[in-house]
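This briefing concerns the arrangement of two chains and the contacts between them. Please consult the sequence and the model while reading.

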2 protein chains.
Amino acid sequence: MAQRPPATPGDPIEAVETPALVVDLDALERNLDALARDVKAKGLRLRPHAKSHKTPEIAKLQVARGAVGVCCQKVDEAAAFVEEGIGDVLVTNEIVAPSKLLRLAQLARAARIGVLVDDARAAELLAQAAQHVGVTIDAYVEVDVGAGRCGVLPGEPAAKLATHIVGERGLRFAGLHCYHGAAQHMRSPDERRAAIASAAEKSLASKHAVERAGLQVPIVTGAGTGTWEHELASGVWNELQVGSYIFMDADYARNTAGVGEKRFDHSLFVLASVMSVPTSTRAICDAGLKAFSFDSGLPVVHGRSDLVYKKASDEHGVLEVVGPAPALGERLRVIPGHCDPTVNLYDWIVAYRGDRVEHLWPVAARGALG
Amino acid sequence: MAQRPPATPGDPIEAVETPALVVDLDALERNLDALARDVKAKGLRLRPHAKSHKTPEIAKLQVARGAVGVCCQKVDEAAAFVEEGIGDVLVTNEIVAPSKLLRLAQLARAARIGVLVDDARAAELLAQAAQHVGVTIDAYVEVDVGAGRCGVLPGEPAAKLATHIVGERGLRFAGLHCYHGAAQHMRSPDERRAAIASAAEKSLASKHAVERAGLQVPIVTGAGTGTWEHELASGVWNELQVGSYIFMDADYARNTAGVGEKRFDHSLFVLASVMSVPTSTRAICDAGLKAFSFDSGLPVVHGRSDLVYKKASDEHGVLEVVGPAPALGERLRVIPGHCDPTVNLYDWIVAYRGDRVEHLWPVAARGALG
């Protein structure tokens, strides 16, 4: 039921049908290179989050730049990457349904598979699936280091669960998952710095507690696009899971950068067209609630201070015109408010360089909710 | 690239993998019947909006209850319905790209096809496509009756554009599209009543202006789930486009009903599972930003005042627990904030009756943006 692709490789960009999800390859490659270079210079592991792109072709570009593998958030998402040859996938989420655990274990026949646990009973269910399939799965204890989402409390509870995991046949205790999601979009650099300092303290306390229980902690994994330079510098994390850095979205761009903090380039856009110009101050484009996710604010028309995206309905985007009216059919590159759930609306990414389409990439894990 | 279905017909509802989009058939049929009965009693045409469901199997249920056809908002969406045998489709949107107009005209070989115009140049482009393919297309003048989106101003501008359409070979002037989208979610019944009274005045003024220009106005089409009883009673509209009535979402449920106004039943849910219970007051379910659209507010856990959906990240829904903690794996029916863009996230609708899956319906027009 996938939609037909909106373009063909070799097409001029003007021939792409709108709305389409497009990626500027030059900007994408700059982002990929910049992060890989810094993480490598520090000697850390890079395991980018593939929930941002859901696209095996992009995962391959990340692995080619030294990534050890990718993160996913669902079993079916992981399956889409394993199927395309990604050999090491960490599901950064709790999985408790037996049917899903069985599918996860089956993936471990073809790839190294990790998953998070924050509950002893969940660890037992995971172990049963691994034993049933005859594989070993990397189990990471998720620690709540400030996000207030999943995870055990820092310190002794982490050690207790790690010890429990070690006692389960079919599981390998792989380390701690310490991701502070709530810090990523704090607007001021000082807030982000303080949040990660606090998360580092909780992560370290948990690591020490596990070590006191006589276990090694091979990996402490976490970090996101808003804070990764702090995790990188902390000496606590040895694996970074940054995801949105490849695309940058309007919401990340609303963060104020700290002194010396790297800014990534916008590489992901929805290509949209003006379909109606009812008045001199209002134009309507063909990309609305089904072309963008609005959970993190409005999209932004790239390079056009004369057109302000004001509101949306299902298939309409209402633009305020603050200069000469645009022409009917005029094409716009629009930066999504939030890249991850926006990508999840599309079957294809149109990858272009300059004014030419280079690739049509299937968003293979789109809609992979299971 | 569609995801595998989360269930098989005949399965018990407990076997459906989560998150899944599920429809309670008893509630759906009550909604379908109730609206069809009232519109028929008044002798009006019913052309439900298929953007809400994107599912040909549901369109067939509507046609079986007397609908003349359906509305869509994109050409590719219309194609999905024509392909499944729906013989009359109105695209309630402006289409100006020549490639899309050509595809639209090709659909008119197999079905009666209508589309909106709010610009003379757009009418010419539409006529060229119709002539090229050798078909006749119904052109409706969109009038801005209060929504502040597309559309010409009421009165003479509508008459002028209608006259222009009549002069174009390949087009049939079919009537006026007078939809007040902004009125649908006004919370108080008095506001909604006043908004539609104003829209009725503008619609009538436009109809009279067209008639003064010597043309007939066969159809005045519009209305939505929030206001349809006012359009029905007005004597101005003779075709209703109601869409969300089949499902009802949390946002429509936040409208205060007026005296005697019909309330539809919630029939659409995301079936979700609890995957983590980190504290006695917090539980996490497996349905987040990629399982619901958040443009119109938060989802609501159906029938569970003890669980309040508070916030979401990509694949997590954070629930506040105000009673005994739910069990790991416990399943919840969650009402989407906004049904239309939520449906657009799923490849399948699981239609169930009681505790048994009856149908797996492909959401054939999911992602049909072109």
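How many residues of chain A are in contact with chain B? In this predicted model, 65 residues of chain A are in contact with 65 residues of chain B, contact meaning heavy atoms within 4.5 Å. Residues are numbered from 1 along each chain as its sequence is written, and chains are lettered from A in the order in which they are written. Local features need pLDDT of at least 70, side-chain atom pairs count only at pLDDT 80 or more, and totals for chains, interfaces and linings use all residues, while side-chain values use heavy atoms, with hydrogens and water left out.

**Symmetry**
- Chain A is superposed on chain B by a rotation of 180 degrees with 0.0 Å of shift along its axis, at an RMSD of 0.0 Å (least squares on the C-alpha atoms of residues with pLDDT of at least 70 in both copies).
- This is the relation of a two-fold axis.
- The copies meet through the same surface, because 100% of the interface residues of chain A are also interface residues in chain B.

**Interface**
- The two chains, A and B, bury about 5200 Å² between them, 52% of it on carbon and sulfur atoms (the accessible area, with a 1.4 Å probe, that two parts lose on being put together, summed over both).
- The rule finds 14 salt bridges across the interface of chain A and chain B, each a side-chain nitrogen of Lys or Arg within 4 Å of a carboxyl oxygen of Asp or Glu.
- One salt bridge joins Lys74(B) to Glu315(A), with the closest N and O atoms 3.3 Å apart.
- The elements that give two or more residues to the side of chain A that touches chain B include α3 (75–83), β4 (88–94) and β10 (268–279) of chain A, as DSSP runs (helices H or I, at least four residues; strands E, at least two) numbered from the N terminus.
- β10(A) gives the largest share of that side, 4 residues.

**Arg149(B)**
- Arg149(B) lies in the loop between β6 (137–142) and α6 (156–166) of chain B.
- Its relative accessibility is 13%, so Arg149(B) counts as buried (under 20% relative accessible area, 1.4 Å probe, protein chains only).
- Not counting residues up to four places away in sequence, Arg149(B) touches residues of both chains, among them Pro278(A), His316(A), Asp144(B) and Tyr179(B).

Note on methods: Buried means under 20% relative accessible area, exposed over 50%, partly exposed in between (1.4 Å probe, protein chains only).
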